[in-house]
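Here is a short report on one protein model.

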Amino acid sequence: MTLYQITYERVGRHGSKRPDSPPAPPPYQLRAADVDELAQEIHRDVRRYLGSRYVEVAVNLEEMRGLVLAGEREAGSFTIAVIDAPAAPVEQVEAEVLAETATPELPTVTKAGLGYLQRFAAAEADGDPVYVYREFTRPGNGVSRPALDRLLGTDVGDALVKLGDHDPQRGRPVTVTDLGRRVLAAGQAGAR
């Protein structure tokens, strides 16, 4: 697990530019195994500073930044710093290098992304796919919006999952694309 330091720039009225606003919450450290766990831990902490029940946290580890959303509005922002990252075992590094050289046409997927692909494929195989977006602003059903956005891809050709037609009672079903199934097969083969 990686040790991170979260430094809030603003959360709700805490740290806003208004002269009467309270200061931003103090920085704090936490451990997380992946981006989804990091977002969940930040979500737990940040809720105490906001009055809204509809709080969502988006984390971007490439930019080392994040947003806090309350309802449909931005309610804050924060920076992320890695304090201590565990070294990868030699076997894991070798497996990653082998996977990258053996299948360069397949996109890379995080451990959390592979977990979501497995969940979506299993639910689809059982005939009851996972449904998301009952409300327009958040996926729901235990699915992280940043993770789902990464799996949806930026182009039709790189999508690992796709969303079906909207059902007013359940939302939109998530189905795994052929590319997603190939990534899933390669990920499961590499995990043995």
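## Overall picture

Among contacts between residues at least 6 apart in sequence, what percentage join residues at least 24 apart? The figure is 51%. A contact here means heavy atoms within 4.5 Å.

This is a predicted model; local features need pLDDT of at least 70, side-chain atom pairs count only at pLDDT 80 or more, and totals for chains, interfaces and linings use all residues. Residues are numbered from 1 along each chain as its sequence is written, and side-chain values use heavy atoms, with hydrogens and water left out.

## Fold and surface

The protein has 5 helices and 8 strands. Both are DSSP runs, numbered from the N terminus: helices are H or I with at least four residues, strands are E with at least two. Along the sequence the order is β-β-α-β-β-β-α-α-β-α-β-β-α.

The chain has 192 residues, and 38% of them are buried. Buried means under 20% relative accessible area, exposed means over 50%, and partly exposed lies in between (1.4 Å probe, protein chains only). The accessible surface comes to about 11700 Å². Carbon and sulfur atoms account for 52% of that surface. Areas come from the Shrake-Rupley method with a 1.4 Å probe; for residues, only the protein chains shown count as cover.

## Pro25

Pro25 sits in the loop between strand E1 (2–11) and strand E2 (28–32). Is Pro25 buried or exposed? Its relative accessible area is 5%, so Pro25 counts as buried.

Leaving out residues up to four places away in sequence, Pro25 touches Tyr8, Val11, His14 and Tyr49. Val46 is 21 residues from Pro25 in sequence, and their C-alpha atoms are 8.8 Å apart.

## Salt bridges

Side chains of opposite charge can pair when their charged atoms come close. A salt bridge is a side-chain nitrogen of Lys or Arg within 4 Å of a carboxyl oxygen of Asp or Glu. The count is 6.

Arg44 pairs with Glu41 at 2.4 Å, N to O. Both lie in helix H1 (residues 35–46), 3 residues apart, about one turn of the helix. Arg44 is exposed at 53%, and Glu41 is partly exposed at 27%. Arg48 and Asp45 form another bridge, at 2.6 Å. Arg48 is exposed at 59%; Asp45 is buried at 12%.

Asp128 and Arg170 also pair, with their closest N and O atoms 2.8 Å apart. This pair links distant parts of the chain, 42 residues apart. Asp128 is in the loop between helix H3 (111–125) and strand E6 (131–132), and Arg170 is in the loop between strand E7 (161–163) and strand E8 (172–176).
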